Structure formats: structure tokens, C-alpha cells
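Hello,

Here is the structure I promised to pass on to you.

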Amino acid sequence: MKQVVIIGGGPIGVEAALYGAMAGLDVQLFERGQLCENVRTWGHIGLFTEWKRNRSPLAVRLLHELGVELPPQETTSSGDELADYVGQLANLEALRGRIFLHTEVVGLTRERVLKSDFADDPRRVQAPFRLVVRDESGERVVHADCVIDATGVYATPNPAGNGGARCPGESANQSRIDYALPDVLGRDRERFANRHTLVVGSGHSAASTLRSIGDLMHDFPQTRVTWVVRRDVPPHGAPYTLAPDESSPQRDELHRRANEMANDVRVDFRPRTVIDDIEYSNGSFRVVLNTVEQGEVRRREIACDNIACHTGFRPDTSLWRELQIVEHPATGGPFSLGEVLLTANRRAGVGLSTGYAERQTTDLKDSEPPIENVGDERNDERLLLQNEPNFYVVGIKSYGRDAGFLMQNGFRQVRDVYKIITKNTDFDLYEGTLD
Ligand SMILES: Cc1cc2nc3c(=O)[nH]c(=O)nc-3n(C[C@H](O)[C@H](O)[C@H](O)COP(=O)(O)OP(=O)(O)OC[C@H]3O[C@@H](n4cnc5c(N)ncnc54)[C@H](O)[C@@H]3O)c2cc1C
């Protein structure tokens, strides 16, 4: 029986384990933290996709068979509720004894084979994968015929500094900067109430933090924000372009609130601005902002209490070091998928990092489908094939720095990986109900 190892116990890794187990394969999943470790770090945030897009047909069928009552399809949840749901899947009989929590994969190669050996040579596939896993009792070796990398991107945020590299002072103050989404209305309230926060970025995470700070301002009117955004404001004058074809009311509301925040007197909104320097002393940051105004660079210094750095994430490719994986030069994810993502984004008129929030109204056409449906070629199963045979990258990591991944894309990838592994193009445990 084929041995399949899945690295990462997020929503897509657990789906991959469940699917593999139901396919009758010998599946093991290693998760370095608790189940859904990454999702738990933003557990207080609401998802913008509804349950119907966050659960696979296979998972729903298995839970229904057990009589589990699930929240209605059209409703949404918090990250914590999503993680609880994934916990229900992990407890299914099919996965008993197959999930190893607090077990990190720290090394990945092939038995007695180097990265430089056997390029494009069938002898490479004859050597099983060799993984070094570490848990509280130490390190051990696990072998596998196939490896599915579902390790996500959330643990490797992009820096705040100019050009995506850490600016002077950023490394020294890394532990003081909020790269993960702070719980502004909950456990981090004290830190934000009546304080001055620098918010960096213009994706969904920045909008989320701005919305929460906006809510906090009702009770704590001295709360202030400086919001810096690298790009320019579209001609319609608001940071986020509201899409007439928006498929998610939650996302629409999020962007509307962020646009309102840009006009709030307590918010100093600064487009075309990057961060050149960060210092910290006596409980306060001093940050040097670099803004292009009328073609000229202007530097100004601000003092603030918090820095919420929401500049996106990048994949940690260190696990691939001994494998033959071709990385895309822009996404940092696998090459072929990266090419397709760039083409789809170009066609939709958006950049790689912020998705369609930055879409220009002039680019919007009534007939245009929402971006998550633009370019179905992103779901072409051949994009899952790597130079490294029997190695697959699924989930949000497969999109690299592209912010457009949704769990639905991950379920398709899981289905298609097992078509490849079982060498059966008709093999579909979703029974044709996903698309
Ligand atoms: C604030 C926020 C809101 C979002 N809202 C939505 C939404 O509404 N809808 C949607 O579809 N998506 C949303 N996303 C994207 C969402 O994160 C992903 O869809 C989903 O979590 C991706 O799952 P994943 O399994 O690919 O990765 P992750 O959830 O990141 O899981 C990866 C797992 O791998 C583990 N891991 C990493 N390295 C190792 C290692 N070496 N060994 C063992 N384990 C390892 C990690 O601990 C982690 O548990 C949102 C993201 C954020 C940040």
C-alpha cells in the first residue's frame, strides 16, 4: 500500500489526510503545533467565505453519516470555529492514529539521494522520501512514497520595510511588531485603546485591523491610526475598490469600513508610502515614513505605540532545499502554478499581493466574473506536478505570495492529487459535486 505523508495540519492538510485515508492509502499527517495552529492565531477574525465554501463534500458526507449537525451553508464563522470544525474531521474514525500533533518535519529528502542526483531520471523515484520529524521525545525518521506539503504561509509574514526587506531596526524590534492579526477588541484591547497605531498594508488583514480599531474608537475616542499603503489610491479616491460583482457580502462590508476609516479624522491615511526605519525606546516606536509626493520623495518621522504590519505572507521553502522544486521568481511558490496565477491576475487587473482590493474601476466590467473564478486554469491538475516526482504542494502555500487562495481551491487540489497518486483520472470522492 502506498505510504503518503502530509505535512501540516491546517484545513487543507487535514482534508488531504482524510481523502487519502478514505482512498485506502497508508496516510500519516505531521503538524508542528496544535491542529490548525495557524488558523488559531487569527481565530478571533471572521471568515468572509461561507461554510458552503469551507467544507468539502466528502467531509460533510462523513459528518452527516455520524449525525453531526453542521452550521447552515450560507452562514460564516470565525477562525476558531473553523479550527473546531477541522478538529471534528481529525476525530473521524478514518483518521484514528494517523495524525501526529506537536510533531514538526525538520528535514525532507530522499533516501541516499541528493538534490543534485538523477535530474529527469527515473532512478530518483525509486528512492523513498526520508523525513526527519521532531516531537517532545526527540527526532526520528519516517519514509514515504508520496509527500504532500500543506504547511501554509502564515508563519512567514512579509516584513514592513521598504521593498519587502526588513528595514533598519525592524529585526531588532521583530517581537514588538504585530505581524499576526492582533485581537484589538479582545485580549489586545489595552494595547490599542486610546493609543496610536501604525497600520501597514492594504489587503484583507489591514482592513480587518482597521475595522476593529474603528470599533474601538467608539469607546476610546483618543485612539489614533496612521495607515500607510505602498500603492496609490485608485482614481475613484478610496483605497479599496468595491467590486459590483463581489461574491462575498462580508468582504464587501470589510472594504467599505476600511474606506470609511481612510476619511476618519482620527486616521492619517498615507498612500505611496513605505517604511525606511524603525526604532523603539521608552515604550514607543519612532518610524521613518518615505512618501512619494508630486514625484519627490519626502521623509517624515512619526511616533506610535503599535505597528500592525499586514503586508502579506511568503512561503517558507526551506523544506524543499534537498528536493528538485522549481520556485516561481515572483510568487515564491511552485513555478507552473505561479505562471498561471500571474496571468490570471494580469487579466483581472490586479497585483499579486493585494488581490482585487486594488482593482481599478475602469478595469471592472459587468460581465467579468469574480476574481476567484477568473482563470479556471489555476485548477488544472497538471499544475500540481513538480520536477520532484510524487511531491505535491497544496493549500495556501501553493499560491506563494499570491493573496487569492481560498479553501475551495485547496479541496480541488486534494481531489486532483489523489487522481494522480491513484493513477485514476475518474477517482473523485467528492462525486462531482465540488465545481
Ligand atoms: C485573517 C485571515 C482570514 C482568512 N479568511 C479566509 C476565508 O474567509 N476563506 C478562505 O478560503 N480562506 C481564508 N483565509 C486563508 C486561509 O488561511 C486559508 O484558506 C487556510 O487556512 C489555508 O489552509 P492550509 O491548510 O493551506 O494552511 P494553514 O492553515 O496555514 O495550515 C498550515 C499548517 O502547517 C503547519 N506546519 C507548518 N510547517 C510545518 C512543519 N515543518 N511540520 C509540521 N507542520 C507544519 C502549521 O503549523 C499549520 O497548522 C484567511 C486567512 C487569514 C489570515
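In strand β7 (residues 146-149), D149 is the bridge partner of I7. I7 belongs to strand β1 (residues 3-7), and β1 and β7 run parallel, joined by four bridges. Strands here are DSSP E runs of at least two residues and helices are H or I runs of at least four, numbered from the N terminus; two strands count as paired if DSSP finds at least two bridges between them.

Before going further, please note that this is a predicted model: local features need pLDDT of at least 70, side-chain atom pairs count only at pLDDT 80 or more, and totals for chains, interfaces and linings use all residues. Residues are numbered from 1 along each chain as its sequence is written.

I7 also has a bridge partner in β2, namely F30. Five bridges join β1 to β2 (residues 26-30), and these two strands run parallel. Four of the five residues of β1 are buried, so the strand is largely enclosed by the rest of the structure. Buried means that 20 or more other C-beta atoms lie within 10 Å of a residue's own, exposed means 12 or fewer, and partly exposed is in between, with C-beta atoms placed from the backbone.

The largest nonpolar core has 97 residues, and I6, A16 and I148 touch the most other members. Such a core is a set of buried Ala, Val, Leu, Ile, Met, Phe, Trp, Tyr and Cys residues joined through C-beta atoms within 7 Å. Its largest share, seven residues, comes from α1. Leaving aside residues up to four places away in sequence, I6 touches G13, A16, A17, V27, L29, I148 and A150.

Two loop residues may also interest you. F118, in the loop between β4 (104-110) and α6 (123-126), has a positive phi near 55° without being a glycine. N390 is not a glycine either, yet has a positive phi of about 65°; its place is in the loop between α10 (335-348) and β15. With 20 C-beta neighbours inside 10 Å, N390 counts as buried, whereas F118, with 17, counts as partly exposed.

Best wishes

Technical notes: Two residues are in contact if their C-beta atoms, placed from the backbone, lie within 7 Å.
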